[in-house]
Amino acid sequence: MAGKPKLYYFDGRGKMESIRWLLAAAGVEFEEEFLETREQYEKLLQGGSLLFQQVPLVEIDGMKMVQTRAILSYIAGKYNLYGKDLKERALIDMYVEGADDLMGFILMFPFLSAEDKEKQHAVIIQKATSRYFPAYEKVLKDHGQDFLVGNNFSWADVRLLEAILMVEEKKSDVLSGFPQLQAFKARISSIPTIKKFLEPGSQRKPVPDDKYVETVRRVLRMYYNVKAN
């Protein structure tokens with residue numbers, strides 16, 4: 001029997017967090033090895049584990065997988081979270097990429113200067129409320145189903161909930177004008193595997209703090225300043 005997937009990343013969100021979310025949604029237990037030193041990172045490089053010289057890295061089913069999108073697609077397909085046919089898969093991809101675009105404005109937020117954080121905060125809320133959330137609100141309203149695609153729980157639902165919660169961390173009432181998304185959030189959050197992941201003590205990571213930022217900068221030797229979008 002295959003062992004648990006093993007995740008190699010920092011003890012924080014970053015690009016690995018969506019992988020944690022998807023594994024948890026599928027009810028899959030996983031192990032983690034946290035990168036804390038440059039030496040750990042170089043050992044992975046020298047051992048040939050990082051095909052493109054970057055993390056996330058996930059060991060699963062005898063493979064050493066890199067590239068976040070490839071990892072997520074594999075997990076979604078393996079655990080029946082990727083639709084029943086090519087059309088549903090295309091829709092899932094479309095909705096996932098929309099959420100990815102929104103989350104991209106948040107991903108590098110912890111690495112910004114105080115001045116740029118203030119600017120980026122406004123951008124995040126503006127993009128969420130004028131572009132992305134209206135689109136998902138319309139999808140849910142138009143088809144009247146509980147889930148985004150095929151009325152079945154999929155990767156797209158997991159990704160959208162993750163995005164919603166990340167934006168709510170920036171503005172708690174951001175869904176006030178989106179009743180469909182409010183109901184969607186409640187439904188998806190109540191799915192047993194998701195509910196478990198949202199509980200204290202799970203492997204879900206908190207909002208990135210200064211310690212996380214310093215660790216990433218040290219391990220990856222990020223000595224430059226990240227600019228806001």
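A search of the whole structure, a predicted model, finds 21 salt bridges. A salt bridge here is a side-chain nitrogen of Lys or Arg within 4 Å of a carboxyl oxygen of Asp or Glu. Side chains of opposite charge can pair when their charged atoms come close. Because the model is predicted, local features need pLDDT of at least 70 and side-chain atom pairs count only at pLDDT 80 or more, while totals for chains, interfaces and linings use all residues. Residues are numbered from 1 along each chain as its sequence is written, and side-chain values use heavy atoms, with hydrogens and water left out.

One of these salt bridges joins Arg221 and Glu42, with 3.8 Å between the closest N and O atoms. Arg221 lies in the segment after H9 and Glu42 in helix H2 (residues 38-46), so the pair ties together parts that are 179 residues apart in sequence. Helices (H or I, at least four residues) and strands (E, at least two) are DSSP runs, numbered from the N terminus. Arg221 is partly exposed, at 43% relative accessibility. Glu42 is partly exposed too, with a relative accessible area of 25%. On this scale, buried means under 20% relative accessible area, exposed means over 50%, and partly exposed lies in between (1.4 Å probe, protein chains only).

Lys78 and Asp61 also meet through their side chains, at 3.1 Å from N to O. Lys78 belongs to helix H3, whereas Asp61 sits in the loop between strand E3 (57-60) and strand E4 (63-66); the two are 17 residues apart. Lys78 is partly exposed, at 36% relative accessible area. Asp61 is partly exposed as well, at 35%.

A further salt bridge pairs Asp100 with Arg159, with the closest N and O atoms 2.3 Å apart. Asp100 is in helix H4 and Arg159 in helix H6 (residues 155-168), 59 residues apart. Asp100 is partly exposed, with a relative accessible area of 24%. Arg159, in contrast, is buried at 8%. Elsewhere, a network of salt bridges links Glu17, Arg20, Glu32 and Lys205.

The protein is divided into domain 1 (6-79 + 198-220) and domain 2 (86-190). These bounds come from an automatic or database domain assignment. The domain centres, taken over C-alpha atoms, are separated by 22 Å. Across the interface, 20 residues of domain 1 are in contact with 18 residues of domain 2, contact meaning heavy atoms within 4.5 Å. The two domains bury about 1,600 Å² between them, 66% of it on carbon and sulfur atoms. Buried area is the accessible area (1.4 Å probe) that two parts lose on being put together, summed over both.

Between domain 1 and domain 2 there are 4 salt bridges. Glu169 and Arg204 form a salt bridge in which the closest N and O atoms are 3.9 Å apart. On the side of domain 1 that touches domain 2, the elements giving two or more residues are helix H1 (17-25), helix H3 (68-78) and helix H9 (210-220). H1 gives the largest share, 5 residues. The residues of this side divide into 11 nonpolar, 3 polar and 6 charged. Here Ala, Val, Leu, Ile, Met, Phe, Trp, Tyr, Cys and Pro count as nonpolar, Asp, Glu, Lys and Arg as charged, and the others, Gly among them, as polar.

Ser73 is found in helix H3. Ser73 is buried, at 17% relative accessibility. Neighbours within four places in sequence aside, Ser73 is in contact with Tyr82 and Trp155. Asp93, in helix H4 (residues 86-107), is buried at 18%. With neighbours within four places again left aside, Asp93 is in contact with Arg69, Tyr82 and Trp155.

Most residues other than glycine have a negative phi, and most peptide bonds are trans. A cis peptide bond joins Val55 and Pro56, with omega about 15°. Pro56 lies in the loop between H2 and E3. Gln53 has a place in the loop between H2 and E3, and its phi is positive, near 65°. Gln53 is exposed, at 57% relative accessibility. Asn80, in the loop between H3 and H4, has a positive phi of about 55°. Asn80 is exposed, with a relative accessible area of 69%.
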